[in-house]
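Good morning, and thank you for coming.

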Amino acid sequence: MNRRNALKGIGLGALGALGLSKTSPDASAARYETATRGLKPLKITKVRAITTSPMSARLVIVKVETSEPGLYGLGCATYNQRPLTVVTAVNEYLDPFAKGRDVDDIEDIWQHAYTSSYWRNGPVLNNALSGLDMALWDIKGKRANMPVYQLLGGRSRFAVDCYSHASGRDFKELEDSVKSKMEEGYRHVRIQLGGYGSSHLSTEPHYRKEGFGLASDGHMDSLPYLKATPRMFEHIRSTCGEAVELLHDIHERIQPIEAINLLKALEAYRPFFIEDPLAPEQNGYFKYLRSQTSVPIAMGELFNNPHEWMGLISDRLIDFIRVHITQIGGFTPARKLATLAEWFGVRTAWHGPGDLSPVGHAANAHLDLNIHNFGIQESVHFNDAMREVFPGAPTMKNGYMQVAEGPGFGIDIDEKAATKHPYPEHPGFWRPLRRRDGTAVRP
Ligand code: MG
């Protein structure tokens, strides 16, 4: 049966309800065109970077303006270690690329912006692209008058369950920190004895006495950390109970075989996950790690390239994919990554540190609300200055993150307030870290 014959079988009232009427094929086609597009075409008129630092991180926000006065979108392009390179990529390259394009065609714009530099998948250009991409999703939500999570299919949960960070230089200090997080309502707490790698336990920086490196370089040896970490878990389990889920971040600071032995030693304490057990350069080791231990593994905050995560997911070598979504190019690739992971039983734990803007945290949370295979989210707390600059920033309650229920990502920027917080002096690099003989350690 062709379409015209099919329509003959439907009453006029039903046709009206479908937005169709019994008119000429040309008129029907015109109405179909209007009905499917729904909204008048809208062009990108400007893409620009806004810099601000209401807390310590050097944030980069991308604002995309459109041919409809007052309608704009916001995206996160924050790369705290190299922010000015991202600003250049946005203002000098993405703005002329995007101007005049249809704001509705997010996928098309993403694909062409991604390859517009020919060379791709690095943190600078991915962050710039993320800013543009998130801003287009924000605009689409505003055009639909819906939160972005609604555009994806609605909620899978009422709010976003989060973990918080506890640390202390000794077991008692850490225990107190965990208990205070539990009192705040968190059911998941990441535990670290001191900073990453418990480097305060390393006391023999021989390289300094020999004048190797700079006096300000950090020091960490594996053995003190490897001995202390299982004891840390034992102490927290025995003093804080079984109800709390415990997480820990190795932060890629030890050798692959040391990571395998450490995870085996932690099995008895039932970690919720161990994060970044290996450096991304050692992805080939995951199959050996997986075959040796059942401790859940979270990986990926340093990933930029799809080839870094595809095999880990399709071979079921990790339990949580933990990318920093601005580092992989924004909301569009993160949504696809979440779907890939769902089919392989891998859950999400998007990176949510202090050097992601509130717009980026909101984007994480909108995805978390929608996807079925959400695992856990890293929590964040904003100071008053941050909330003044970013009205509608996500909030925390009882260990859950909640988004503002506005259209788009529900968040705005007060550009005048943003100018009150220029970038602080910042060396722009991670402090070098060395073994006792001076050998460089991954950060
Ligand atoms: Mg981490």
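Predicted model: local features only at pLDDT ≥ 70, side-chain atom pairs only at ≥ 80, totals over all residues.

What percentage of the 443 residues of the protein chain count as buried? The share is 42%, where buried requires 20 or more other C-beta atoms, placed from the backbone, within 10 Å of the residue's own.

Residues are numbered from 1 along each chain as its sequence is written.

Let me begin with the overall form. The protein chain holds 17 helices and 15 strands; these are DSSP runs numbered from the N terminus, with helices being H or I of at least four residues and strands E of at least two. Its radius of gyration, taken over C-alpha atoms, is 25 Å, close to the 22 Å of the globule rule for 443 residues, so the chain is as compact as a globular protein of that length. That rule is 2.2 Å times the number of residues to the power 0.38.

I turn now to the domains. An automatic or database assignment gives domain 1 (44-147) and domain 2 (150-407). Their centres, taken over C-alpha atoms, are 26 Å apart. Domain 1 brings 34 residues to the contact and domain 2 brings 28, two residues being in contact if their C-beta atoms, placed from the backbone, lie within 7 Å.

Which elements supply the side of domain 1 that touches domain 2? At least two residues each come from β2 (59-66), β3 (72-76), α5 (106-115) and α6 (123-144). The largest share, twelve residues, belongs to α6.

Definitions and conventions:
Buried ≥ 20, exposed ≤ 12 C-beta atoms within 10 Å, placed from the backbone.
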